[in-house]
There are 2 protein chains.
Amino acid sequence: MIGSKVAIRQPRAAALRARPSGRCGGVVGAVASGAVYAEILTIGDELCRGEIVDTNSSWLAAQLWERDVTVRWMTSCRDEVDDIRRAVTEAAARADVVLCSGGLGPTEDDLTVDVVSELVGATPVIDEPARQRMEQRFAGRIPVTPIQLRQVRVPSGARVHGNPAGLAPGFEVAVGGVPVICLPGVPRELHAIFESALAERLVALRDARGTAPAIARRIWRVFGRGESQVAQACAGLIDGVAGATIHYQVKFPEVLVKIVIRDRDRAAAQDRLAAVDRDLRSRLAPHLYGDGDDPLPEVTTHALVAAGVSVATAESCTAGMVGQLVTRAAGASASYRGGVIAYANEEKIRLLGVRPETLVEHGAVSEACVIEMAAGAAERFGVDLAVAVSGVAGPTGGTPDKPVGTVWLALVDRRGSGPPVTRRIQFPGTRDDVRTLAAWWALSMLRVAVLEGGHG
Amino acid sequence: MIGSKVAIRQPRAAALRARPSGRCGGVVGAVASGAVYAEILTIGDELCRGEIVDTNSSWLAAQLWERDVTVRWMTSCRDEVDDIRRAVTEAAARADVVLCSGGLGPTEDDLTVDVVSELVGATPVIDEPARQRMEQRFAGRIPVTPIQLRQVRVPSGARVHGNPAGLAPGFEVAVGGVPVICLPGVPRELHAIFESALAERLVALRDARGTAPAIARRIWRVFGRGESQVAQACAGLIDGVAGATIHYQVKFPEVLVKIVIRDRDRAAAQDRLAAVDRDLRSRLAPHLYGDGDDPLPEVTTHALVAAGVSVATAESCTAGMVGQLVTRAAGASASYRGGVIAYANEEKIRLLGVRPETLVEHGAVSEACVIEMAAGAAERFGVDLAVAVSGVAGPTGGTPDKPVGTVWLALVDRRGSGPPVTRRIQFPGTRDDVRTLAAWWALSMLRVAVLEGGHG
């Protein structure tokens, strides 16, 4: 296996782990799926010079995996006629379907249309809908030159996959009977073409082989538990669930749990997924915070706004990260009033009313200090909820009592009469890791407070 | 060409562009380099399922490119014996050197040592130095089991490249006379092995072909000008400079300029680079802020600390991002005192002393407001420098006068008697882009103020 940015923060073997239900035993009636193989080819000199990271391959691979299409090879090559020709030919000889990205732009080194046309005995022609779209977009402000028109060409006779997000259309030809689908390299455009039409087309190509089952799938998002703890909580979850696989993915600082259930009958797969969903939620509450695309900061802000709760922040080691995260979603101003970054201790006293004695007796990284910080922020900003963070982000400043990574958090909720909620956490990792984890914990505490509705 | 996360924010054709001096004319005595070809192979099921992005390939490709080794193919395959064998064999048949990553861990699906051993007629053996290192690391706390020992195996007779950052050593064998170098997939470990020994080995392999020139290279970092503006400022820069190429890379929100000069004589290449450096700096000042690994936030913090200047922040739309960035480098507390996140207008009045009339007459996104915010922060925190940001991050809230992306910044410097420095910028892009650009501009203004030494 190979690592990733994520894997830096994790023991290698734990970073990603797939557990087919077959290995857990107890699989009843699982569908043996006949593999449909895809290859992904990304084209561009800048890839081979390492100037950009190829995110298209992994994005496409994930889309295909979720649709039960197996990616066996992923290749990157330069903007060279011979290399592109060879790559497309070899991929088409090995796979059931080939997805290419890159080389569809206007410049001389965008060669995909020409090479693929030659391969299938076609000629490059202007795609009229794409040309009209270009005219509309340029609206007389930019001349439609022959160079610009290069990017609306497709091989004659190709099936065109229109580009809702840019100029160059995607297209599909058959090389030796194997569908070869070419897409622009700009990720936004590639995603848009895929989602608007191509996903369906790929499922049709897959089903034409008559071997693939229907799939029900969901991704749950978990914060506050490590991958191994999440995996332990899920132990046995899919035992006896036919056709189910479970995957864990560390997407720092959160963990994603992905379950796929395959069945010839889509409704049966969905029913089993619904049952798993209920079980999973009860096992992972309160750390499971969502099952959509939104990460914790956005989920928290939406919950705060929906509940009509006003919020303020008081930060030391995170130095503004909590404020920044809670305002990442548009519309945050309906809830968030502001915050204080009290990096120096005098500012904790001056701006938040922390008592000098507290700092002397307990230090700035202490339960007493964060309670006074949160209470000070709640009172000064006149808000319902205030959260405070103070910690030792490192790499220096640790003591035996409070080693690097020690963080105290407090949440004051003035809607009820409960005491402040506090938490001491010992975070692993770099300065950046500690600050990120601390800020996310602050958001998590806000989210839980909103869910509990002020009766804490 | 293919895009990247970076390219999302840029017109595709502009995202990355190489301009060999040959195309600019006037090249005198440029070295015609005989290409040495490398291939990169990354191994892992999780790559082909799209669960992680392959950052190793681009990292290695960049290292090779800078050393004048041309990467022609990059391939990813699954943890399957047949696929790994095929990938290594084909790569060795095409290239002068092959770099593999992944498949060196302890688990059953880590197969690289076994497959490569079989390919070269060797047997997997324990690398004794690596085993001793493992014993030391585990120190009796973790038993050294046969499974653990799997990851310190190498093919018998292989040249070992020790791993300073982890357990699994790298190694090198010859497949059909072509060096095949296998590295662990964890990026941190791969980088450590490369930097500790492998870089030198690759240069030796390259030079053994007797065709490659010496290389002098440097990367300059620019903030505050777009890629096309930077390219325009550099027009003609390397005209007449023998063996020089220039590349631009957008690494949002900054632009990197990379120049490589090749010559048989290393000293001659370095002399020419020094001359280019002087010219480049005069063309790009004051936007060129460094030529090292540190991005602007770290450069700024180090400059503030070195100058012994105290700093505070006053933020509205960035909501803490300036504070977070200025404290990203360890040791920031020697300069940074704290800040106010005045997200709601009442907090601008209450916490920073902005006059209500200012908000009524000019609005929160105005020169008058940011001046009062910065002045209020400077006075209240008792600091030398205070910077303030207020803007329309979007996606809503724009007006004809102040469309989405409008940001005002102000810097108050109490070391001198000059007036506040202000700046209105109209940023493109998403909410996140606008906030990031605004925060980086605030840091840029702090950096310039430190350079100017308070006489502004």
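Two residues are in contact if their C-beta atoms, placed from the backbone, lie within 7 Å. With that in hand, here are some notes on the model.

1. Chain A overall. In chain A, 67% of the contacts with a separation of 6 or more are between residues 24 or more positions apart. Of its 456 residues, 53% count as buried, where buried stands for 20 or more other C-beta atoms within 10 Å of the residue's own, the C-beta atoms again being placed from the backbone. Chain A has 18 helices and 18 strands; these are DSSP runs numbered from the N terminus, H or I of at least four residues for helices and E of at least two for strands. Along the principal axes, the C-alpha atoms of chain A fill a box of roughly 85 × 60 × 40 Å.

2. What you are looking at. This is a predicted model, in which local features need pLDDT of at least 70, side-chain atom pairs count only at pLDDT 80 or more, and totals for chains, interfaces and linings use all residues. Residues are numbered from 1 along each chain as its sequence is written, while chains are lettered from A and ligands numbered from 1 in the order in which they are written.

3. Confidence. Chain A has a mean pLDDT (the predictor's confidence in each residue, from 0 to 100) of 88, and 91% of its residues reach 70 or more. Please read residues 1–33 of chain A with this in mind: pLDDT stays under 50 there, and the model has 94 contacts beyond four places in sequence for them. For the complex, the predictor gives an ipTM of 0.78 and a pTM of 0.79.

4. The interface. How many residues of chain A are in contact with chain B? The number is 81, and they meet 81 residues of chain B. Helix 5 (residues 55–66) of chain A gives the largest share of chain A's side, nine residues. That side has 36 nonpolar, 27 polar and 18 charged residues, counting Ala, Val, Leu, Ile, Met, Phe, Trp, Tyr, Cys and Pro as nonpolar, Asp, Glu, Lys and Arg as charged, and the others, Gly among them, as polar.

5. A sheet across both chains. Strands of a sheet pair through backbone hydrogen bonds, either parallel or antiparallel. Here an open sheet of ten strands, with mixed pairing, has the order 18(A)-17(A)-16(A)-14(A)-15(A)-15(B)-14(B)-16(B)-17(B)-18(B); two strands pair if DSSP finds at least two bridges between them. Strand 18 (421–426) of chain A and strand 18 (421–426) of chain B are the edge strands, each pairing on one side only.

6. Strand 15 (residues 336–341) of chain A pairs with strand 15 (residues 336–341) of chain B in the antiparallel sense over three bridges, and Gly339(A) has Ile341(B) as its bridge partner. Within chain A, strand 14 (residues 311–315) and strand 16 (residues 385–391) run parallel and are joined by five bridges, with Thr313(A) partnered by Val387(A).

7. Backbone details to check. A cis peptide bond, omega about 5 degrees, joins Phe252(A) and Pro253(A), and Pro253(A) is in the loop between strand 11 (244–251) and strand 12 (254–263) of chain A. Gly394(A) and Pro395(A) are also joined by a cis peptide bond, with omega about 5 degrees.

8. Positive phi. Asp68(A) has a phi near 65 degrees, a positive value in a residue other than glycine. Asp68(A) lies in the loop between helix 5 and strand 3 (69–77) of chain A. Is Asp68(A) buried or exposed? Asp68(A) is buried, with 22 other C-beta atoms within 10 Å.

Note on methods: A residue is buried if 20 or more other C-beta atoms lie within 10 Å of its own, exposed if 12 or fewer, and partly exposed in between; C-beta atoms are placed from the backbone.
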